[in-house]
Amino acid sequence: MERPEIDLRSASVARIFDYYLGGAHNFAVDRELADAAAKLMPELPRMMHLHRRFLARAMRYVVEQGVTQFLDLGSGLPTPGGSLEVARRLDPFARVVHVDIDPVVGAHGKSLLGAADSAVVVGDMCEPDAILDHPETRRVLDFDRPIGLLLVGVLDFVGNDVDLPGVLARYRDRVVPGSHIVLTNFSVEGGLEDYQRTEQLYRDNTTIDFHPRSAAEVTELLAGFELAEPGVVDVSLWRPEAVLEDLDEHPKRSAAYVAVGRKP
Ligand SMILES: C[S@@+](CC[C@H](N)C(=O)[O-])C[C@H]1O[C@@H](n2cnc3c(N)ncnc32)[C@H](O)[C@@H]1O
């Protein structure tokens, strides 16, 4: 797999996300873009927090189904509230392989992790065989037992030039029954105006491209998985814990579809 250089002059999705979540692994270029984007779309930082809270709820559900090892595709930096922290809280023996295309995640990840029960793989999640056969993935995960595939906040950056249904089917085929998938994808079904201005900001300043999907498209990606209740729903509506706290005043504006599925 190619290992691109870390480019400190252009903003990175991983570091912008880290900034929105209050992390310390970001640079001025990331913060400037993140602040400008949040001015155009004030709900952005809140969206990131809603994703984080969904990740925790969905991982707890998956652990309750007996799955304690995770392949976190598009993991971002291992910030507080990320998959490793959530997994360890749920089960001290949980295992997590973090996969991210951004070399900055590999660089930070190595210094932050380094434990026997976790690994960082720098790679493209759209190359399932390379990810699944990577020696670090094989070292940490036991493929004879169910695995939790996490795709939280990553498909938003994968375009339709990629055969995404085929990619997900490949992951599904290579894990044992009882494995789970946790997936999110933001959508613009709630309104386009703010989104289009934000997209333009990113286009003018970065190489980052957004790919919103409809509920129907998200459902199609999950073919072959049995969906846990309540199916494909808005991020704040998937088994909310504190209904009043989680519910958006403008539910349509939080605009991300999520689902959890099980390989039968
Ligand atoms: C918004 S962050 C999500 C972080 C994390 N999943 C979470 O929920 O906290 C998206 C991450 O996906 C990564 N990414 C984007 N495209 C990718 C790809 N094709 N393969 C692997 N990682 C990718 C980005 O580098 C970024 O770190």
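User: What makes a helix crossing left-handed or right-handed?
Analyst: A crossing is left-handed if the near helix is turned anticlockwise from the far one by less than a right angle. If the near helix is turned clockwise, the crossing is right-handed.

User: Which hand has the crossing of H3 and H4, and at what angle do these helices pack?
Analyst: This is a predicted model, in which local features need pLDDT of at least 70, side-chain atom pairs count only at pLDDT 80 or more, and totals for chains, interfaces and linings use all residues. Residues are numbered from 1 along each chain as its sequence is written, and side-chain values use heavy atoms, with hydrogens and water left out. Helices (DSSP runs of H or I, at least four residues) and strands (E, at least two) are numbered from the N terminus. H3 (residues 44-64) and H4 (residues 83-90) cross in a right-handed sense, with axes 10 Å apart and an angle of about 40 degrees.

User: Why does H3 count as oblique to H4?
Analyst: Angles run from 0 to 180 degrees between N-to-C directions, with axes fitted to C-alpha atoms over the stretch in contact. Under 35 degrees counts as roughly parallel, over 145 as roughly antiparallel, 65 to 115 as roughly perpendicular and the rest as oblique. The H3 and H4 angle is about 40 degrees, which makes H3 oblique to H4.

User: How is H1 oriented relative to H2?
Analyst: Helix H1 (residues 13-20) packs against helix H2 (residues 28-40) with axes 9 Å apart and an angle of about 65 degrees. Their crossing is right-handed. The angle therefore makes H1 roughly perpendicular to H2.

User: Which backbone atoms lie 2.7 Å and 2.9 Å from a nitrogen atom of the ligand, and how much of the ligand does the protein cover?
Analyst: A polar contact here is a pair of N or O atoms within 3.5 Å. A backbone N or O atom of glycine 74 lies at 2.7 Å from a ligand nitrogen, and one of methionine 125 at 2.9 Å. Of the 610 Å² of accessible area (Shrake-Rupley, 1.4 Å probe) that the ligand has on its own, the protein covers 94%.

User: Where does proline 230 lie?
Analyst: A cis peptide bond, with omega about 5 degrees, joins glutamate 229 and proline 230. Proline 230 lies in the loop between strand E6 (226-227) and strand E7 (233-234).

Technical notes: A polar contact is a pair of N or O atoms within 3.5 Å; within protein, one must be able to donate a hydrogen and the other to accept it, and residues adjacent in sequence count only if both atoms are side-chain atoms.
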